[in-house]
Amino acid sequence: MEKIPNSRIRKLRTWMPGKYPSELIEVGKDNHQISLIDLASNDYLDLTRHPSLIEAAKSALVTEGVGSGGSRFITGNRTIHKKLEQELAEWLNREIVLVYPSGFQANLAAVIALADRHTPIIADRLIHHSLLTGIRASGGKLMRFAHNNLSALETLLKKSKQQQPLKRPLVITESLFSMEGTSAPIKEISILCTKYDSKLLIDEAHAFGIMGSQGRGETFGIKEPISIISGTFGKAFGGGGAFLATDKKFGEHLIQTCGAFRYTTALAPPLCASALAALKLIKSNPNWGLKLQEESIEWRDALSRNGWERPPGHGPIISIILGSDEKAIDYQKKLEDQGLLTVAIRPPTVPEGKSRLRLVVRRTMPKETFKQLIEVLNKK
Ligand SMILES: Cc1ncc(COP(=O)(O)O)c(C=O)c1O
C-alpha cells in the first residue's frame with residue numbers, strides 16, 4: 001500500500017486576523033515545522049480561510065447544526081440547500097441545479113443518469129477517476145479519444161453512429177484538466193455532439209469559479225447539446241460539496257431516480273453557507289478568474305523564456321512534465337527547501353514516464369514567489 005510520507009501530512013496555519021490573505025502552510029517535517037508558500041492546492045481563489053466564508057459557515061453551524069441529519073427526502077432538506085441551488089441555477093443560467101455531497105458522487109450520478117449498458121460512451125483519455133467509476137457502474141461501452149483531439153472524437157462518433165444508428169452516444173470531458181492544465185475545446189465539442197446527436201457531460205470541477213465569463217465555467221452560454229454540467233465547491237469555492245446543473249428533463253430524472261442524490265445525507269449546512277458566501281464574492285469580483293488566467297500566462301511565458309517547454313493551457317494549473325518519478329521528487333524537494341510547496345505527481349495519477357510538478361497560480365500569491373520559483377527551477 002502506498003504510504004503517505006510525513007512531509008506530505010500538512011497542517012494549515014490557524015487563521016490569524018490580519019494575516020489574510022494567507023499564503024502559508026505549515027508542514028510537519030522531522031519533528032519541526034516549516035512555513036511554505038502553497039503552490040499546489042486547488043484553493044485557486046484563496047477562499048478556504050476567507051473571513052466571509054468562515055462567518056457564513058459559523059453562523060449556519062450555530063443555527064442549523066454541524067450536519068443536516070438526513071437525506072434531502074427525509075429530514076435533511078433545508079432552506080439553505082434550495083437557496084444555493086436556486087442562486088447557482090440563476091448564475092449559470094440553467095434550469096435545475098442539484099447539490100451533492102461531493103464532486104466524485106456528482107460525477108458518478110451524472111454518468112449513471114445519462115448512460116446504461118446500451119450506451120456508447122466516448123470520453124477524453126484523461127478524464128477524472130470519478131467519471132471512469134461512473135462509466136463502469138453504468139455498464140456502457142467505453143471508447144476513448146486522444147486528449148482534446150477533435151478529429152479522434154469525430155471518428156469515434158461516426159463509428160458509433162454507423163454501428164448503432166439508433167443509440168445516442170454520451171460524450172464526456174472536463175473543461176480544465178486537473179493534471180494537465182489544458183482546456184478542452186468545449187464549443188467545438190458541443191458542435192460535434194449536435195452534429196452526431198450525442199449527449200454531453202462536462203466536468204467543470206477545476207474551471208468553475210475561474211474560467212469562462214465571470215468564472216461561470218467554460219460551458220456558460222452553451223445550452224444544446226450539453227446534458228449535464230458538474231461542478232464542485234471543493235476547489236475555487238474553497239469549501240466542500242458539489243452540484244449538477246442541467247435542464248428540467250434531466251433534473252427531474254435525477255430527482256426521481258438518482259440514488260446518489262436521494263439516498264445520501266444532504267450536504268452539511270455550513271458547507272452550503274460557505275458555498276453561498278463564495279458565490280457572492282465571486283459575483284462581486286467578476287475579474288478574479290481573468291486576472292488569475294493572465295497571471296498564469298505570464299508564468300508560462302516566463303518558464304519558456306527560461307528554457308522550459310511552455311506548459312499548455314491558459315488556466316491556473318501549470319504542469320511541468322519532468323519524466324521520471326525521481327526527477328519530479330527531486331524538484332519537489334529542492335523547491336520545498338526554498339519554502340515553496342509543490343507536489344510531484346506520479347503514476348498512477350499520471351501516465352508512466354510523465355511525472356510532473358503541478359503548479360497552481362493562486363489569487364493572493366506574493367509577487368516575488370514566481371521569481372523564486374524560476375530561480376530554483378533554473379538550478380538544474
Ligand atoms: C476533475 C475532477 N472532477 C471531480 C473531482 C471530485 O470533486 P470532489 O473533490 O468534490 O469530490 C475532482 C477532485 O479531485 C476532480 O479533479
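Let me begin with a definition: a residue is called buried if 20 or more other C-beta atoms lie within 10 Å of its own, exposed if 12 or fewer do, and partly exposed in between. Please keep those cut-offs in mind, and keep in mind as well that what we are looking at is a predicted model.

Asn-93 has a phi near 55°, which is a positive value in a residue other than glycine, and its place is in the loop between α2, residues 79-92, and β4. Is Asn-93 buried or exposed, and why? Asn-93 has 11 C-beta neighbours inside 10 Å, and therefore it counts as exposed. Asp-46 also has a positive phi, of about 55°, although it is not a glycine, and you will find it in the loop between β3, residues 32-38, and α1, residues 51-64. Asp-46, however, counts as buried, because it has 20 C-beta neighbours inside 10 Å.

While we are on the backbone, let me point out two cis peptide bonds. One runs from Glu-224 to Pro-225, with omega near 0°, and Pro-225 lies in the loop between β8, residues 199-203, and β9. Another runs from Pro-347 to Pro-348, with omega near 10°, and Pro-348 has its place in the loop between β13, residues 343-345, and β14, residues 355-360.

Now let us turn to strand β10, which covers residues 242-246 and is mostly covered, in that five of its five residues are buried. In a regular strand the side chains alternate between the two faces of the sheet. In β10, Ala-242, Leu-244 and Thr-246 point one way, while Phe-243 and Ala-245 point the other way, and all of them are buried.

Which strands pair with β10? Strand β4, residues 96-100, pairs with β10 in the antiparallel sense over five bridges, and within that pairing Leu-98 stands opposite Leu-244 of β10. Strand β9, residues 226-232, also pairs with β10 in the antiparallel sense, over five bridges, and there Gly-231 stands opposite Phe-243 of β10.

Next comes the ligand. It is surrounded by 14 residues, and the closest of these are Ser-102, Gly-103, His-128, Ala-205 and Thr-232. Which helix gives the most to this shell? That is helix α3, residues 103-114, which contributes three residues.

Finally, let us step back to the whole chain, which is divided into domain 1, made of residues 6-38 together with 288-378, and domain 2, made of residues 51-284. The centres of the two domains, taken over C-alpha atoms, are separated by 27 Å. Where the domains meet, 18 residues of domain 1 are in contact with 16 residues of domain 2. On the side of domain 1 that touches domain 2, the elements giving two or more residues are α10, residues 288-305, and β11, residues 317-323. The residues on that side of domain 1 divide into eleven nonpolar, six polar and one charged.

Definitions and conventions
Residues numbered from 1 in each chain as written. Predicted model: local features only at pLDDT ≥ 70, side-chain atom pairs only at ≥ 80, totals over all residues. Near = placed C-beta within 6 Å. Helix = DSSP H or I, 4+ residues; strand = E, 2+ residues; numbered from the N terminus. Pairing = 2+ DSSP bridges. Domains from an automatic or database assignment. Contact = placed C-beta atoms within 7 Å. Nonpolar A, V, L, I, M, F, W, Y, C, P; charged D, E, K, R; others polar.
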